[in-house]
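Subject: Structure handover

Hi,

Here is the structure I promised. Please load it before reading on; my notes follow below.

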Amino acid sequence: MTDGPSPPSVPFLDLKAQQRRIEADLRRRLDAVLAHCQFILGPEVAELEQALASFCGARHCVAVSSGTDALQIALMAEGIGQGDAVFLPAFTYTATSEVPLLLGACPVFVDVDRRTFQMDLSHLEARIHDVRRAGRLRPRAVIGVDLFGQLANWPDLRAIAAREGLFALDDCAQSFGATLHGRRLGAAADATAISFFPSKPLGAYGDGGALCTDGEERAALYRSLRTHGEGSTRYEVLRTGMNGRLDSIQAAVLLAKLAVFEQELAARERVARYYDSRLGDAVAIPARVPDSTSAWAIYAVLLRDRAERDRLQAGLRQRGVPTAIYYPLPLHVQPAYREHHDGTRLPVSEDLATRILALPIHPDLTEASMAQVCDSVLALVS
Ligand SMILES: *Cc1c(COP(=O)(O)O)cnc(C)c1O
């Protein structure tokens, strides 16, 4: 590096810049909540459910308290618990695996594809076969994770689930807004779980989530389960549920953000294309799923090995470029989960964890920041 002032820090996320863009609409909507004081499941929540369903083309949308609670409610509605196997990729966020365990079911970890990072469907079939042969667990559900903003292979995944009699749950926490063959994720599986954690592509100002489904009975069950299993009146309790409600302030924030979401997805795509074009010869850039668009929650590149990845991360930090490692450990080797794993090696997940690095991507990344990221990577990787 030449002498001179150190470069400004690139923001990994820039929620303040986004807030400036939506401020007028945001304040108007928040003021409305302060005026009516229906803070939980108020009118904004119903408006948001309608807006999300029409945005993604699902028949029903039920807003809930977080992405994790969305996954939990979806599995509770199927009666999944003790003795049930729930198949899921090992290379994902912990919540995907935590939820089956909370319900007494057993996660069965599946490896991922080395190019797309999404669940490897031939390995899924092998794992289902293994579980049936061992006879200890009943295969009940598969959670397909749309990792990093891209999609799992839903057409094939759904066909496997149908053939095997499994409930297909889409963990779309990172990828709401992504499309396949021109259709948004939201109706690709039996149910789709979305997260509105602030750093997700569509983020609230606190925790929030939603479930989308085309099934009318499922949607009704989700509504009951999110409010303590209530029946037709508040004090009729039909089943064991939970407190999974969304609050009106989060819904107000999400409505303001949904109004600019398509523009933001396009802005994220521009960043991804710029990175692709400048970095493609130096590092392994993310593979695209054919005829799809990504929500670009994360733009992750692969280095040759751990040493090169760690050197690059340290060098980028010095040049004002923050990065993150998703995920430093696959779930089957996590202390909390390894006792639930049958010991099968998942070589791709294990390898990705040592070589992957996420670069800053968000809709307010400036041209100067994008150039700073790429100049720095190119200077550090030979
Ligand atoms: C963020 C995330 C979740 C959990 O969402 P929360 O809203 O934080 O509960 C679940 N699965 C994946 C893949 C995630 O990235």
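A question to start: which residues does Ser195 touch, not counting residues up to four places away in sequence? They are Gly67, Ala173, Lys200, Leu202, Gly208 and Gly209. Keep in mind that this is a predicted model.

**Around Ser195**

Ser195 sits in strand β8, residues 191-195. Ser195 has a relative accessible area of 8%, so it counts as buried. A polar atom of its side chain lies 3.1 Å from the backbone nitrogen of Phe197.

**Helix α3**

One of the contacts of Ser195 is Gly67. Gly67 is also among the buried residues of α3. Besides Gly67, the buried set holds Asp69, Ala70, Leu71, Gln72, Ile73, Ala74, Leu75, Met76 and Ala77. Ser66 caps the N-terminal end of α3. There, a side-chain oxygen of Ser66 lies 3.4 Å from the backbone nitrogen of Thr68. Just after the helix, Gly79 takes a positive phi of about 70°.

**The two domains**

The domain assignment gives domain 1 as 17-258 and domain 2 as 260-380. Their C-alpha centres lie 24 Å apart. In the interface, 48 residues of domain 1 are in contact with 41 residues of domain 2. The area buried between the two is about 3,800 Å². Carbon and sulfur atoms give 59% of that area. On the domain 1 side, Phe91, Phe148 and Gln150 lose the most area to domain 2. Together they account for 19% of what that side buries.

Polar links cross the interface too. The search finds 4 salt bridges between domain 1 and domain 2. Arg21 forms a salt bridge with Asp364, with the closest N and O atoms 2.7 Å apart. There are also 22 residue pairs in polar contact across the interface. Elements that each supply at least two residues of the domain 1 side include α1 (15-36), β2 (84-89), α4 (95-102) and α8 (248-258). The residues of that side divide into 25 nonpolar, 13 polar and 10 charged.

**Salt bridges elsewhere**

The whole structure has 26 salt bridges. Here are three of them, with a network at the end.

- Arg29 and Asp25: the closest N and O atoms are 3.3 Å apart. The two residues are 4 apart in helix α1, which means about one helical turn separates them. Arg29 counts as buried at 17% relative accessibility. Asp25 is partly exposed at 22%.
- Asp276 and Arg288: the closest N and O atoms are 2.9 Å apart. Asp276 lies in helix α9 (residues 261-279) and Arg288 in the loop between α9 and β10 (292-293), so the pair ties together parts 12 residues apart in sequence. Asp276 is buried, with a relative accessible area of 18%. Arg288 is partly exposed, at 35%.
- Asp310 and Arg309: the closest N and O atoms are 2.7 Å apart. Asp310 is partly exposed, with a relative accessible area of 33%. Arg309 is buried, at 2%.

Finally, the network. Salt bridges that share partners join Asp25, Arg28, Arg29 and Glu47 into one network.

Best wishes

Terms used
Residues are numbered from 1 along each chain as its sequence is written. This is a predicted model: local features need pLDDT of at least 70, side-chain atom pairs count only at pLDDT 80 or more; totals for chains, interfaces and linings use all residues. Side-chain values use heavy atoms; hydrogens and water are left out. Domain bounds come from an automatic or database domain assignment. Contact means heavy atoms within 4.5 Å. Buried area is the accessible area (1.4 Å probe) that two parts lose on being put together, summed over both. A salt bridge is a side-chain nitrogen of Lys or Arg within 4 Å of a carboxyl oxygen of Asp or Glu. A polar contact is a pair of N or O atoms within 3.5 Å; within protein, one must be able to donate a hydrogen and the other to accept it, and residues adjacent in sequence count only if both atoms are side-chain atoms. Ala, Val, Leu, Ile, Met, Phe, Trp, Tyr, Cys and Pro count as nonpolar, Asp, Glu, Lys and Arg as charged, and the others, Gly among them, as polar. Buried means under 20% relative accessible area, exposed over 50%, partly exposed in between (1.4 Å probe, protein chains only).
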